[in-house]
Amino acid sequence: MARDAQDEARRRLSALAGDSDAQWAPARRLEQDAALLGRLLMAAAGYQQSGGQGADVTPDDIGAALSLFEDMRYQLDRLETQVVIEARRRSMDWRQIAQRQDLNSSQAASQRYQRLMTRLEEIRQGVR
């Protein structure tokens with residue numbers, strides 16, 4: 001998806017009225033974790049650029065950051081699945097969904113959705 005289209009999507013979604021914060025807790029946690037990772041990388045970059053001065057980013061800090069990714073992937077997969085379900089519920093066809101996801105075909109969008117559903121079910125069952 002082109003940067004302009006992403007900016008337009010963000011503008012459009014930002015204009016929506018907010019509902020109960022409780023239902024968006026997973027999205028908020030994802031946002032907070034991404035911000036934490038950004039801060040870690042900024043601190044690490046500042047440490048390198050200042051010749052070792054500034055925040056001391058340790059291997060334990062890096063390890064803590066790495067441990068966030070699996071849950072972040074799960075939350076993103078869950079959110080994407082919910083949005084696709086909503087798109088289908090609102091009569092969007094797979095071709096339209098594929099275009100918005102920057103995929104080449106309706107089949108690719110449908111297969112992506114199926115892979116997400118399979119992955120989420122495997123996590124739920126403890127297979128992954």
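1. Let's start with Leu-66, which sits in helix α3 (residues 59-89); helices here are DSSP runs of H or I with at least four residues, numbered from the N terminus. Leu-66 counts as exposed because its relative accessibility is 58% (exposed is over 50%, buried under 20%, partly exposed in between, with a 1.4 Å probe and protein chains only).

2. A word on the model: it is predicted, so local features need pLDDT of at least 70 and side-chain atom pairs count only at pLDDT 80 or more, while totals for chains, interfaces and linings use all residues. Residues are numbered from 1 along each chain as its sequence is written, and side-chain values use heavy atoms, leaving out hydrogens and water.

3. Now the aromatics. The structure has one aromatic pair, and Trp-94 and Tyr-113 form it in a tilted arrangement, at 5.7 Å centre to centre with 45° between the planes. For Phe, Tyr and Trp (its six-membered ring), ring centres within 6.5 Å make a pair; planes under 30 degrees apart are stacked, over 60 edge-to-face, and the rest tilted. The pair links distant parts of the chain, 19 residues apart: Trp-94 is in helix α4 (residues 94-100) and Tyr-113 in helix α5 (residues 106-125).

4. What does Ala-109 touch, not counting residues up to four places away in sequence? Its contacts (heavy atoms within 4.5 Å) are Trp-94, Ile-97, Ala-98, Gln-101 and Leu-103.

Key. Helix = DSSP H or I, 4+ residues; strand = E, 2+ residues; numbered from the N terminus.
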